[in-house]
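Okay, everyone, thanks for coming.

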Amino acid sequence: MSQKRTMTQDELKTLVGQAALQYVVPGEIVGVGTGSTVNKFIDALATMKDRIKGAVSSSEASTKRLTALGITVFDSNEVAELSVYIDGADEIDARGYMIKGGGAALTREKIVAAQSRQFVCIADESKLVPTLGKFPLPVEVIPMATQRLIRQFATLGGRATVRLADGQPLVTDNGQHLLDVTGLQISDPLAFESQVNQWPGVVTVGVFAHQKAHVCLLGTAGGVKTLKF
Ligand code: 5RP
């Protein structure tokens with residue numbers, strides 16, 4: 001008797017990366033996120049590169065991959081509005097609210113999401129959660145505010161640490177640092193995002209509630225599930 005093999009997380013990412021092509025509008029510029037799932041999308045996008053005008057990218061890493069595959073990358077200032085933005089997530093809940101920034105690109109991701117009419121999240125099923133907060137929340141910060149912001153997160157019950165790369169604070173594409181905050185249960189993502197965003201020194205908080213997903217293509221053992229919010 002033949003047994004059906006369960007797909008690996010990498011295969012689920014490939015599946016949703018390819019499924020996202022259906023949301024790309026021929027002749028237009030597409031918003032492109034960052035991360036391992038988006039890399040699968042970029043690879044799939046290359047198969048239709050002659051049918052799109054190009055992309056607006058959310059990171060230096062995605063820009064490098066897009067250009068290497070022959071896809072023109074536009075500066076976000078050159079484009080008023082995008083019809084669709086395709087990106088992954090570290091967590092997504094049943095309302096389309098997300099935690100993002102595991103790949104350190106949250107600020108540019110939020111900018112491109114804000115200039116897009118539709119946010120299509122691509123994720124494997126491990127990312128779907130009842131409440132945001134198990135994944136350490138990324139927050140991009142101005143370095144001189146780091147210690148004060150660590151103390152402010154402590155007042156909410158969070159433990160914030162500076163993200164390191166090779167033993168030194170990671171420097172984002174925007175020249176800033178990142179905090180990762182554990183111990184939070186974000187039951188009201190809209191209010192949480194608004195609150196933390198106005199703390200002096202916060203560049204961007206990795207809660208995407210005001211820029212939530214409209215659609216999630218979720219890679220599951222049974223295939224791609226489409227969630228609409
Ligand atoms: C990058 C992100 C990514 O979308 C998020 O980390 C998910 O990445 P992956 O697809 O590699 O799991 O927010 O800043």
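So, helix α1, which spans residues 9-19: the buried residues there are L12, K13, V16, G17 and A19. Now, where do those sit around the axis? They take up an arc of only 160 degrees, so they end up on the same side of α1. And what's lying over them? The cover includes α2, that's 36-45, along with β7, β15 at 215-220 and β16 at 223-228. Keep in mind that this is a predicted model.

Q115 is in the loop between α4, residues 106-114, and β7, residues 116-124. Is Q115 buried or exposed? Its relative accessibility comes out at 12%, and because the cut-off for buried is under 20%, Q115 counts as buried. As for who touches Q115, if you skip its neighbours within four places in sequence, you get contacts with V56, S76, V79, A80, E81 and L82.

Okay, on to the ligand. There are 17 residues around the ligand, and the ones that come nearest are S36, T37, D90, G101 and K127. Let me give you some distances. For T37, an N or O atom in the side chain is 2.5 Å from an oxygen atom of the ligand. With E109, a polar side-chain atom lies 3.1 Å from a ligand oxygen atom. G103 uses its backbone: an N or O atom there is 3.2 Å from an oxygen atom of the ligand. And how much of the ligand does the protein cover? On its own the ligand has 380 Å² of accessible area, and the protein covers 91% of that.

Key: Residues are numbered from 1 along each chain as its sequence is written. This is a predicted model: local features need pLDDT of at least 70, side-chain atom pairs count only at pLDDT 80 or more; totals for chains, interfaces and linings use all residues. Side-chain values use heavy atoms; hydrogens and water are left out. Helices (H or I, at least four residues) and strands (E, at least two) are DSSP runs, numbered from the N terminus. Buried means under 20% relative accessible area, exposed over 50%, partly exposed in between (1.4 Å probe, protein chains only). Contact means heavy atoms within 4.5 Å. The arc is that of the directions from the helix axis to the C-beta atoms. A residue is near a molecule or strand if one of its heavy atoms lies within 4 Å of it. A polar contact is a pair of N or O atoms within 3.5 Å; within protein, one must be able to donate a hydrogen and the other to accept it, and residues adjacent in sequence count only if both atoms are side-chain atoms. Accessible areas come from the Shrake-Rupley method with a 1.4 Å probe; for residues, only the protein chains shown count as cover.
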